[in-house]
Amino acid sequence: MRKITYAAAIAVASFIGFSACSEQPKQDTTAYPTFWTWLDYRAGMNFDSICQVMEDMGMDGIMLNAPTPDDYRVAVPIANKHGIEVHAWLWTMNLEHGRDSIVAAHPEWLSVNRLGHSLADTTAYVGYYKFMCPALPEVRQYLKDKVKAYCEVPGLNGIAIDYHRFVDVVLPTSLWPRYGVVQDREYPDWDYGYHPAMIEKFKEQYGYDPREQEDPTMDLKWRQFRCDMITEVANEIAEVVHSYGKAMSASPFPTPKMSARMVRQDWGKWNLDIVFPMVYDGFYTFDTSFIRDCMIEDVRDKNEQTVLGCGMSAADGPLMFERMDAAFNNGAQAISMFTVATMKDPEIRKQFRVYADSVKAVKKANGGKIIAQVPERASDDLFKDHETVIEKINQKMASLIEAETVQIKDYVFTGQENVTRTYDCKDELSGKTFVLSVWMYGDIVSGWDVALKE
């Protein structure tokens, strides 16, 4: 059984302090819950028993998705009874509850891709992807009215926005096989943000139509403009949330740089109180070094007023504690698990409580902050500080040739196109050569794959 070592590691005297304080007239940011989960709520579920499990584990925050404000009026008092704060977990740019009726009533609200196809009658990956255009005043007003209705729920601590972005122009590499795609560049089918209202606003500001460019994906002004439209809507929502004296949180992609490229989501410019970037290492490099690298980037690139959390996958085993170590030791102040329902092993729940208590004790001793010595930059070199990623790459090479192991002497760099670096790797044992592709979204190692060289 793995020994939980975080409390000792984080208390090393040589560590420097990192904290961020909100200037909004709300609760002290150091008082935000430390251990959270995302959870769907439906009327009739035994929510009290779930909250009891959370309380027993030391979890004190929940981002709860419920269909109506009235559902929160039932759920919030139950959670509060167990000492759990509640943020309403709301989808914003992507429609959720009542999706079909809104699409039917307002098909003109839906986002448009580079081919000119609207999500009103086009599917991007999955049927529930019905993203709206952030340039439309009607869409912005719809979202603000929606948020107001939830802010009026007594006892609700905050609003947590999700899907606040465009369609994924690039999926995490591990998801390519699931959807039968290869996204080594930005293809027009998934490149959204070409709604006529967006194009017109851009032309007013810059004097040209981005579609006239030979390759619109290389137009940095056009890319940033779409990010800025999403940012404007996020900050309009934040104004509403803060006017009710509540906290604003979000669940964006792993880092501002990664998310700007992958989903046009430059969340370091959002006026958030606390953020939980979804650093799901299983979607990217399959290694906790990805969490470390993302936290380093996020400490640097987040809004200085925003408390940095970390969203990660829960697990019934030691990997979960390794993930939390990687986050807390590199600048995270809180953790959110997707999801508490995954953790069913009673022994893991007990270990989680020990871990949670130790972290909270360290925070209390340090004035409500977690102390971490965070480098200025994460390493963008696969062959430095990513030893376990290399091990996983070599394991996959061995599996491709049905061998027990491979012996790679050199990884020979063969070129870089956009964010993709490629290497030739010869196995000294079998004589076979592999092609290693490494993806570098956001200046960090963010994905890889290997194949036999033909």
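Which residue stands opposite S249 in β6? Read on to the second legend for that one. This is a predicted model, where local features need pLDDT of at least 70 and side-chain atom pairs count only at pLDDT 80 or more, while totals for chains, interfaces and linings use all residues. Residues are numbered from 1 along each chain as its sequence is written, and side-chain values use heavy atoms, leaving out hydrogens and water.

**View 1. The barrel.** Eight strands close up in the order β1-β2-β3-β4-β5-β6-β7-β8, with parallel pairing. Strands here are DSSP runs of E, at least two residues, and helices are runs of H or I, at least four, numbered from the N terminus. Strands pair if DSSP finds at least two bridges between them.

**View 2. β5 beside β6.** Strand β5 (residues 247-250) pairs with strand β6 (residues 274-275) in the parallel sense, over two bridges. Here's the opening answer: S249 stands opposite I274 in β6.

**View 3. Helices on the sheet.** Helix α2 (residues 47-57) lies across β1 (35-40) and β2 (61-65), running at about 150° to β2. Helix α12 (residues 346-365) packs on the sheet too, touching β1 and β8 (334-338), and its direction makes about 130° with that of β1. Axes are lines fitted to C-alpha atoms, for helices over the stretch in contact, with angles from 0 to 180 degrees between N-to-C directions. Contact means heavy atoms within 4.5 Å.

**View 4. α10 against α11.** The axes of α10 (residues 289-301) and α11 (residues 318-328) come within 8 Å and cross at roughly 25°. I291, R292 and M295 in α10 meet R323, A326 and A327 in α11.
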